[in-house]
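Some notes on the model follow, as numbered points. Please read them with the coordinates open.

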Amino acid sequence: MTRIFVGLATALAVVASLSVHAHGGHGSQGHESHDHSHHGHGHGHHHGHELPVFPDAARAEAPDGVTVEGCWIRALPNRLPAAAYLKVANAGAQDVVMVGAQADGFGRVMLHAHQTVNGMASMVHAGKVVVPAGGSFDFAPGGHHVMLEKPQIDLKIGGTHPITLWFDGNLALTASCDVSPPSRMK
Ligand SMILES: [Cu+2]
């Protein structure tokens, strides 16, 4: 009798954990079809990338001659992952290499690129992005973006939110980014 009872409890526990997974999957898919992208999908896990660990941004030096322009975040409701767009300009004499980003209130932040394979658009983790000396690099809708995942806060549309960009050599720049509604396209 006891054994049967334990077996039933185990079976119920398995069913419960399966339904939790199924629910999570629904959430991601719903968002993908809405935004042609894979926000909330957790690419990092699929591709096995380890995100770098960064030192204290407040103490980091900025890369020579590098500035961030026009940073904005497309904020989505219900604490869905958000994408940030910006231009990195490099007036310095050296190429600089972006290696990642951080943002307060987001548990995982990474540089993403879009790719299309057999007509299917998806996002991939971009481990490094080179900004050439005397040139610039655009993070823009349809292309590269800074993916803000695991939100722990509500972004306020009309406000600003800081994002720190990290470069090779533990150099960093923090940009104040406009928090924009989902309808903003560029
Ligand atoms: Cu992305």
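1. Where is Asn78 found? In this predicted model, Asn78 sits in the loop between E1 and E2. Its phi is near 60 degrees, a positive value in a residue other than glycine.

2. Is Asn78 buried or exposed? Asn78 counts as exposed because 8 C-beta neighbours fall inside 10 Å, and the cut-off for exposed is 12 or fewer.

3. The loop between E1 and E2 also holds Arg79. Arg79 is not a glycine either, yet its phi is positive, at about 55 degrees. Arg79 has 16 C-beta neighbours inside 10 Å and therefore counts as partly exposed.

4. On the nonpolar side, the largest core has 35 residues. The members that touch the most others in this core are Ala84, Val146, Leu148, Ile163 and Leu165. At least two residues of the core come from each of these strands: E1 (66-74), E2 (82-90), E3 (96-102), E4 (106-117), E8 (145-151), E9 (160-167) and E10 (171-180). E2 gives the largest share, 6 residues. As general background, nonpolar side chains in soluble globular proteins tend to be buried together.

5. Which residues does Leu148 contact, leaving aside neighbours within four places in sequence? The contacts of Leu148 are Ile73, Pro81, Ala82, Ala84, Ala103, Phe106 and Val109. One of these, Ala84, is listed with Leu148 among the core residues that touch the most other members.

Definitions and conventions
Residues numbered from 1 in each chain as written. Predicted model: local features only at pLDDT ≥ 70, side-chain atom pairs only at ≥ 80, totals over all residues. Core = buried A, V, L, I, M, F, W, Y, C linked by C-beta atoms within 7 Å. Buried ≥ 20, exposed ≤ 12 C-beta atoms within 10 Å, placed from the backbone. Helix = DSSP H or I, 4+ residues; strand = E, 2+ residues; numbered from the N terminus. Contact = placed C-beta atoms within 7 Å.
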